[in-house]
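Let's take a friendly look at the salt bridges here. Please have the sequence and the 3D view open as you read on.

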Amino acid sequence: MACRLWIPAFLFLLCIEPASAQVISQRKGVDQSIQYETVKRFGPWDDRNYQLTAADLQLLAPNENELSDPIPAFFRVELRKRNPNLPRTGEAQYPRSALQLYIHEHGGYLYNNKMYNKLEMENGFMKIKESPDEPSEKDFDPSRFLAGELRITTPIGAAESAIKINPVDPNRVIAGVNGPTNQQDMFFSTDGGETWTLSNLPLGNTCCDPTVDWSSNGQTAYAAALGFNAGSIAVWFYRSSDFGQTWTDLNNVTPGDPRRELTTGNSDKEFLHVDKHVGSPFRDNVYLTWHNANVMQFARSTDQGNTWTTTSFDADPRGIGSDITTDRNGNIYYFYPATTTRQILLKRSTDGGATFPAGTILVSNTNGGFDFPIPSMETRRAWIYVSADSDLSNGPFGGSIYACWTDTYGAESATAADNHTRVLVAHSRDGGNTWTVVTPHPTADQNTVDRWNPWMAVGRDGTVHVIYYDTRHSVNRTGVDLYYSFSTDGGQTFSTPKRLTSETSPNLTDLFEFGDYNGLDHVVCQIAIYTDNRDEGGVGGNSPDVYTIGIDNTDPSIICPSNITTDAAPGQCSRIVNFTPIATDDCSAVAISSTPASGANFNVGTVTVTAKATDAAGNTKTCQFSVTVQDLQPPAIVCPANFNQSCELPITPAEAGSPVTLDNCGVATVTHSDVQVNGSCIGEFNVFRNWKVVDVHGNMNACVQEIKVTDKKAPVVTCPASITVTCVTNPSATGTANSVDNCDPSPVLAFADGAPVGDCDWLCTFTRTWTSTDDCGNAKTCAQSITKSALEKVEEALSKDVTGDGRPDPLVLGHNNSTLTIPAGKGNCVIQWLPSTGSTASALKFEKATILPTCKPGTNPLDVNGKLVNPLVAEALKLHIFVRLKPSLGMKKLSEFSGCVFAPIILQALAPEPDVNELLRVTQLALGNVALQPHLTELLAALSCITGPLDVCNL
């Protein structure tokens, strides 16, 4: 259990001193950019402020110097680091419990290697009170506390020792021993027991049985001794005002009389106790106990040992080996072993020793009575005495009273080997009315191991500490080692005993052997003082000497830094992290180790660091915190170059390229998404490719690549094959071009026809140009040759069976012997002849002509191109073909045709109400009648009126 500090009440004020008598050393600061003198604005000064950095001070509030919390700047920074959510404005920025937390963790205000626990006002500001009467019990260097056995008497011959640690300055320790230079020698230490200086009691002639104590403020030391007085032994008392260096302070009261002689003789086994509890109404009363001829005696002083009043317990059982302790209320508990009744008895006073009620309280019966021989103490004999102490803490067992003594397991024997000893500890929770007795060590080995000469001390945290001799390392039970055990549950159970000595001390088998008792005290830690008979080598050989040893059963304290979160080093997936756990120990120097160590390279992630504090006694304490190295560095990315591509080609990264990426910890994914911005046509657009890289820790970076897609290619167009048609020339008859574009799925397809060559009523040829145009305006053409021929219709007309004889009837133009016969199969000749190229109508030649194989119409003239030169023949031929193709046309009245003007001679030749057939008849006559030739022009006009609007396909 860790030691607890007793901290007196503070008088805290509401202002912080801007400057004080406390000198601040700038060179001690770890950050020379800070003027440490100015840090005093932020609370009472504490030397741990020297560890502050400028970055630390940035954590403080803008109005920090206005905050009246009586805690130093370094602790304010600690609190803000632990809880970043503390307010940074207003007055109540720290919890009301901040001071208690500070005292719990740091004990007080550290200044020039001293700890202070009071504040005072100076000029309206708060400062450390550097009062010489109230230094803290923490005011010593723990690293100098005893780490092992230390011989303090030399050259030889000392035993029966007592020791007390200054209650407020543990550097100062006093001790008293029997011998070696005088009968009682005094020693003092100013370094926590590391070194000792001999001092002498004034007037000399002392005998033995030293006992020592301190005043509650640690400024006065007290000692008592037995002294030789006219052939008897008396109780003498001494006082020191210089921490045990001299013992003549009583001279200041009674010049020439540096001691107080409480008895004149017949006295023995005195023990001294000072009531030091702050709450006691009898604080600093000094009490002494002894016996005069086994009648228990009590003395008290209320003026620091100057004057005394004595009480004798004549009516009570006789005894020897008493001890006194007081509780928090100043009640006195006076213990002694009654030699007459074999009992541990208690007398109690509730008025500071002014009175003791009659009678005693039974603590425990004993098997042994007074003393008894054991192998390691067969001459001097082991002695039953009481060591007593109280729990003055506010812990769960505060107020408990404890007593400790030696006893035998069974009935006492006169034979040393038959006596087996143990140590007993009794505790009372009801002010001494009832008692529970336990054994603070193993008992299974009771027949082979003796335990004896105990001493007890109760720490300020309520821990019960016990030392005693133990013979387990001596086969014949003659040698001893000093052992130690403690209890943290109010004396109910004790820790496994710990061997303190490194060498077993032999029994010298002289008259004194190990002496009557040892000593133990505890303030922050504890120091045991004991007799040791080892052979130190050199002067003295095996001899009784007094040794001290520091006992440290408490773990050090260690405070880990707050959890650390930092970024990985630039370009690295790790970072070197430094940290400083803070460890302290009440008793010795502390070594700090960490796993992983400070300065290690921490990879990205969270690692639990275990910090371990180890004190000189091997006690350890650990704490843990986490170091988190975050990867906040985005990965690097370089996009591929901007890219141009034709619209029909792919633009995947395989063609357009991929980015180059790099990351300190590693790339997890590289992805892209495209945003397309369309251009003015289907085949042209821009793609903005957004590349995104994500590293293994989720950091992201991006870049944009521009891909320009263009359409510069014209569609591919394929024209239909050249074709000959009869009537219809639109694409449904002539065919449609096929158009395919690289990008446009539906290029526009159009055509335009060129000027025909020939007469398209009979035979002509023209070129159809197809044009395919994509959405971007790229165009391509192809040409199709189309021939329009009336041959099919003409052949149809020539193949008509007009007479109904089942055979085709040739077309006969003219009359009588002036005829032109066009049989079936000669439609090509008709196509060749038409239209007429002549302008003068004339009759057919006087002949019966049939078309020749060469398409020559007999002797009728043709032009050089084989065209008819007689328009009357041509018009009559056309009308005959029309009527043959559509006989109903022949029955159509001429009067139904508008625009036809007939000369009177023509009208005379026509029958009344003539139809087209009638006109054909007249035409036939006219073609062969020369007499009508002057009228052929009018006839031609009439034929043109009828045939002009018609073509072969649209009759």
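Is arginine 151 buried, partly exposed or exposed? Arginine 151 is partly exposed, with a relative accessibility of 24%. Keep in mind that this is a predicted model.

The partner of arginine 151 is aspartate 545, and the closest N and O atoms of this salt bridge are 3.4 Å apart. Arginine 151 belongs to strand β5 (residues 149–151) and aspartate 545 to strand β34 (residues 545–551), so the bridge ties together parts 394 residues apart in sequence. Aspartate 545 is buried, at 0% relative accessible area.

A second pair joins aspartate 470 and arginine 451, with 2.9 Å from N to O. Here the link runs between strand β29 (residues 464–470), which holds aspartate 470, and strand β28 (residues 451–458), which holds arginine 451; the two residues are 19 apart. Aspartate 470 is buried at 0% relative accessible area, and arginine 451 is buried at 0% as well.

| Salt bridge | N to O distance |
|---|---|
| Arginine 151 – aspartate 545 | 3.4 Å |
| Aspartate 470 – arginine 451 | 2.9 Å |
| Lysine 878 – glutamate 875 | 3.9 Å |

How many salt bridges does the model have by this rule? The count comes to 37.

Methods
Residues numbered from 1 in each chain as written. Predicted model: local features only at pLDDT ≥ 70, side-chain atom pairs only at ≥ 80, totals over all residues. Heavy atoms only, no water. Salt bridge = Lys/Arg side-chain N within 4 Å of Asp/Glu carboxyl O. Helix = DSSP H or I, 4+ residues; strand = E, 2+ residues; numbered from the N terminus. Buried < 20%, exposed > 50% of the residue type's maximum accessible area, 1.4 Å probe, protein only.
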